[in-house]
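Me: I would like to learn how to read the place where two chains meet, and I am new to this kind of picture. Could you take me through it step by step?

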Amino acid sequence: MVDLHYTVKDFKSENEVRWCPGCGDYAIMNAVQRAMAGMGIPHEKFAVVSGIGCSSRFPYYMSTFGFHTIHGRATAVASGVKLANPDLNVWVITGDGDAMAIGGNHFIHLIRRNIDINLILFNNKIYGLTKGQYSPTSDRGIKTKTSPFGTIEDPFVPGQLVIGARGTFFARSIDSNLKLSQSVFEGAAKHKGTSVVEVLQNCVIFNDGIHAAITDPVQRANRQLILENGRPMLFGDKNDRGIVFDKGKLKVAIIGENGITVDDILVHDATEVDPTLHMALINMHLPDMPVAFGVIRSVAAPVYDIEMVAQNEQIKQTSKIKCVDDLLNSGNIWEVTGNTPSNGSGCSKS
Amino acid sequence: MKDARVIELEEVVIRFSGDSGDGMQLTGTLFSDASAVFGNDISTFPDYPSEIRAPIGTVGGVSGFQVQFGGKQINTPGDFAHVLVAMNPAAIQANAKFMNPGGTIIYDSDSFNEKNLAKANFTTKDPFTECNLNDYDKIAIPITSLTKESLKDFGLDNKSVLRSKNMFALGLICWMFNRPLTYIDEYINVKFGKSPVVAGSNIKVLHDGYNYGMLMQHMSPTYIVHPANIENGTYRNMNGNVATAWGFLAAAEKSGLELFLGSYPITPATEILQTLSERKDLGVKTFQAEDEIAGITSAIGAAFAGDLAITSTSGPGLALKSEAIGLAVMAELPLVIVNVQRGGPSTGLPTKTEQSDLLQALYGRNGESPVVVLAASTPSDCFWYAFMAAKIALERMVPVILLTDGFLGNGSEPWKIPKMADLPSITPRIAKNAGSYKPYERDTATLARDWAIPGMAGFEHLIGGLEKNKMGSVSHDPDNHQFNCEIREQKVQRVVDMVPNLEVCGDNVGDILVVGWGGTYGHLISAVRELRLESKKVSLAHISYIKPLPKNTAEVFGNFTKIIVCELNLGQFASYLRDKMPQFTYHQLNKLKGLPFTVNEIKESVYKLLEE
């Protein structure tokens, strides 16, 4: 038996990490490495595929197999990696520009197919590598180098796209919560099918503090709802706030007020196939509602790579064609005998 | 049959033509297959509209299928038809220009009514005069009513009855050309085995068409075309797209790798995806991607992870794949990109053939981005060049672009079935020593790197699109970049040692060397053969290895007084040759009509050059 007890160090490469000091990416990578070390999966089975952007430099800092590809296409490259070798544990590292803009099409189709790939979406709501232009997740009105008077477009909410593409796994974390990130990465790896983890990440240079309202040390307990499957949706510094369903909407209720008890608080069920409530949780935002974190959705569904292998095996069993010679000689073939051909250009009649 | 005239011919061209719903492609294919089984050499060319269903009866909706078959070697579907089968007036309007002088026109007289004549833009009731076809042998046969009569006891609805009229025409033509119906009967029985009524009705109409020809005295002569004296062996009819797909299957089996195809449907390349998706029994993984880019990038992922990876497309798709091809160049992964060329630019002429993507294949990427470029020359040798493209990619760790075209992809010819044991071996460069593995360390002779596949313990490494050093780490070092650009080009150039020497068809020395590449081979060789029979000192050099060119290319060219480069574009190969071998003067024959050359126009241009 191979020793599969790894440490974080086993997943770090020798390359010097070149993100800006204070960048949220460091913490996310740390959480990924911790998660991978504890998965009991042989080191050589990990493949990390990225696109273009600050976060996509990630594979350089990993000691696993890695592929730094082109802008927006990591999801499609990773699909090929997984289908070529379904034994691999494939991770896609992408950002809000890479996955939501240039790679939007591949993103939704990966999810629709439900290929067993784990995707980490670093969402800092800005283009960092090109030095500060708004991204598809930037809030309306944001002033950047390409929107000096403010944007006039609404952002994507990544979780909405995941649900819209019939996603089977969606989780949210934040760079500053290493423990939570590690645990949702582990959950993503265990899930069979496409797992999308959105990590709210701070860009210290071009969008510093974009998630500060959520991470504010004093207020964060009141502003973050960390979901746990089978547990009531409670949060707050006194753990006395909870989510209730009222007149078709999610609302915050306080236990002890207006006769509310823990029994009135919604219990999280990530495995519910109907995505309605998951969508409502994804949509919650400040200031009236907390932001939902943790595994929001994790449902079982047919997995493309498993289906592909099964279908091939099934056809192999029943087909008469076992090798290329069989194929070449199948169907309408005929024998030519008794000819003594002259060389090409002649027109000899038989 | 004793009263009928019987004429012996060496080769005949028949064009089946009708509305795109008339089943002309099937009719033509079945006739061609029956002829091949009979022992003729054949060459076929479907000519169909890009509209799925253009308005019925209009010229835009005419679908044609041309076949040349004969008792000697046949290299083209023929320039002009000896026999035209026209199911409606639009077919006359569309095909008059493809008729051989004095040819025979068989038409469904039932459909030649005022309404259909108007739809086909005829202004009088005499379409033949309007199209200057008065000197032709015209045989009016009420095919529609005869088909109705034939099927009156089958209890079929009118639509199903009309759908069978192509079988009547097929039966008639089989009688004219003395083809037995056995093969077609068998085909129908297999194809419609599950619905005996459909099988029975089609066979009934087919035989009634045949018998009608035999019984009616007003029919034109019947023809005898003897079997061709072709090499002994087992044959099948093969079209270019299927041959391409099967070539990759052969390469996968030879290399011991699994085959992955990432592709997006596009005319006229879709059949490659369809053909491979049928082959799950051979373990093929076909991935119908969400777009052209995902088609190639999924294939690049599969190449990284150890499969024989292919992507197939046509011109516009190749444009979309450009950036990703650059990634495969930079990462140095084995990948084959098939481009079944069609008329461009933009959407262009999707169903028509052209050779205008050559420079795109050679140069259409950012940066110095060299790839190997091959071009198949006949429908069946698409098999061989697909095989070779895969072999080069796997043994040299380099992307290879394989160019075919709509004419090759859809055209077909009899093919002597090879044995897998006779094909060359393929040895992928799988890395061996984990301890010393450096992803971009190169073989000193070929400059190819070794391939370490995710899952191989101890070979963990990173590749990517950024410039890198030997270890695969990012490097912005100026000298390193220049070195790598040069070495990637060198690596492609060194593939020349896998390229056979260029052989000319004809004498090695002469007045004119006709130079061609790709799908024009059949027409060029036919023209050169005819010219040589006229004692002209003309030879053909047909080039399938475009980058790198065969080692002896300049030597071959140097033995001729004049060189004429013939291609279906405005002179792309000629420009390439001027760049590579500026010491020669290149005359050009160029055509951009969405159609293959005719043998005659090639001969004319050679005559002209001989006189100059």
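Me: Which residue of E9(B) is the bridge partner of A:Glu335?

Reply: In this predicted model, A:Glu335 has B:Thr234 as its bridge partner in E9(B). Two strands pair if at least two bridges are found between them, and here E14(A) and strand E9 of chain B, residues 233-239, run antiparallel and are joined by 4 bridges.

Me: How many residues does each chain bring to the contact?

Reply: Chain A contributes 60 residues to the contact and chain B contributes 65 residues. On the side of chain A that touches chain B, the elements supplying at least two residues each include strand E2 (65-68), helix H10 (304-318) and strand E14 (333-336), while H2(A) gives the most, with 8 residues. Sorted by class, that side of chain A holds 26 nonpolar, 26 polar and 8 charged residues.

Me: Which residues have the most contacts inside the largest nonpolar core?

Reply: They are B:Ile300 and B:Leu374, in a core of 257 residues, to which helix H15 of chain B, residues 381-396, brings the largest share with 11 residues. Once its neighbours within four places in sequence are left aside, B:Ile300 is in contact with A:Val77 and A:Gly80, and also with residues of chain B, among them B:Ala309, B:Leu327 and B:Leu335. There is also a second, separate core of 5 residues, which includes A:Ile126, A:Tyr127, A:Tyr134 and A:Phe206.

Note on methods:
Residues are numbered from 1 along each chain as its sequence is written. Chains are lettered from A and ligands numbered from 1 in the order in which they are written. This is a predicted model: local features need pLDDT of at least 70, side-chain atom pairs count only at pLDDT 80 or more; totals for chains, interfaces and linings use all residues. Two residues are in contact if their C-beta atoms, placed from the backbone, lie within 7 Å. Ala, Val, Leu, Ile, Met, Phe, Trp, Tyr, Cys and Pro count as nonpolar, Asp, Glu, Lys and Arg as charged, and the others, Gly among them, as polar. A nonpolar core is a set of buried Ala, Val, Leu, Ile, Met, Phe, Trp, Tyr and Cys residues joined through C-beta atoms within 7 Å. A residue is buried if 20 or more other C-beta atoms lie within 10 Å of its own, exposed if 12 or fewer, and partly exposed in between; C-beta atoms are placed from the backbone.
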